[in-house]
Amino acid sequence: MNQGLLHRGARFVSFDRWGLKSLLARLSCLLLLAGTLGCATTATLPVFLPARFDVQGIEQLAIMEVTGPQGMTQQVRQQCVEELRKSGFYQIVDPGPPPQMADNSQQVQVMLAAAQRLGVDAIFTAELRREVDLGQEFGGVRIQFGDSKVHVEMTCRVIDARSGVVRHETTITESFSGEFDEHRPETVESVIVGLKDACIRKAIQQLVVTRQPVDVSLTSTAWPWSNTMLKQGNEAARNGDWARARQAWQQAVDREPEDSRALYSLGLAYEAEHDYDQARHWYEQAQRNSDTDLYREALRRVELTADGYQRSNAQLARPRNAAQQEPVASKPQSAPQPGPR
């Protein structure tokens, strides 16, 4: 008779020992897969991104020449003003479009003269271009070989009002490729608007300090005997309550000091609270116990988030020009505050 004979009432059930091991192995794989994929979730980490250029000495910014396709110029200008004001990074002055000169160098001189009269530190200019390829029309019938294409491109500049030096220049391009017909929600106009909005948003983000959400992986708590404090911390992190998550994960570490999941999780909480030295410490402890891609990636990321946070705070606390006169074209906004410590 095979080993592993079980008696249940008057019935006998027998199975091979090696069959049992195979079954347990497959069950373990399923549990591991569930723990790795099915139950591991993400949380959103707040990350600060600095402006893409040296903003020292630029507090007051005048919106000058903004151009675009016919019928869109005023809308593009208004969106640029609104996005810059919403950021709270500069005191925005909008004196209206400058006089149009035939020569580009003359145009720049006109804008610089206006900026100096306003007493601002720099001027902002932007140019929006679009390109639409809907095929060729023959005898009233439009023929398109391949997908239709729409490109929107935006170039913006920040020019120092005192020296005329271009402090920053960037070009953002957004594209669409697809079909336009009555069965699709996209229209040429709606696609152009969407691409335009994306160009403006991305261009302005390069000029200011922004706070961006970054998804980070939480550790799995799928095992029935998993630390309950890990689960509580994960739930708090998913809800954005990083202080409560840190408290729960600290208790998890206190109970199981060698648990890499708890060590990594505690590092996440400190990274979310911008305490990057502590975050780095706990990530290193997790990696020592279990050298996985997740912990190595956390160590690489924390170097970038720490650098971005330090540079962002330096830009937010940039020196003010004490001799600067108050601009006459708009009411200054309140000064931006440094990011949370």
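This is a predicted model: local features need pLDDT of at least 70, side-chain atom pairs count only at pLDDT 80 or more; totals for chains, interfaces and linings use all residues.

Mentor: Residues are numbered from 1 along each chain as its sequence is written, and side-chain values use heavy atoms, with hydrogens and water left out.

Trainee: How many aromatic pairs are there?

Mentor: A pair of aromatic rings is described by the distance of the centres and the angle of the planes. Rings of Phe, Tyr and Trp (its six-membered ring) pair if their centres lie within 6.5 Å; planes under 30 degrees apart are stacked, over 60 edge-to-face, and the rest tilted. The count here is six aromatic pairs. One of them, Tyr 264 with Tyr 295, is tilted, at 5.3 Å centre to centre and 40 degrees between the planes. Tyr 264 belongs to helix H7 (residues 260–272) and Tyr 295 to helix H9 (residues 293–316), 31 residues apart; helices (H or I, at least four residues) and strands (E, at least two) are DSSP runs, numbered from the N terminus. Ring pairs also join Phe 48, Tyr 276 and Tyr 309 into a cluster.

Trainee: Which charged end sits over the ring of Phe 89?

Mentor: The criterion is NZ of Lys or CZ of Arg within 6 Å of the ring centre and within 35 degrees of the ring normal. Over Phe 89 sits the charged end of Arg 318, 4.0 Å from the ring centre.

Trainee: Why does Thr 210 count as buried?

Mentor: Buried means under 20% relative accessible area, exposed over 50%, and partly exposed in between (1.4 Å probe, protein chains only). Thr 210 counts as buried because its relative accessibility is 13%. Thr 210 lies in strand E11 (residues 210–217) and touches Val 47, Phe 48, Leu 49 and Gln 205, not counting residues up to four places away in sequence; contact means heavy atoms within 4.5 Å.
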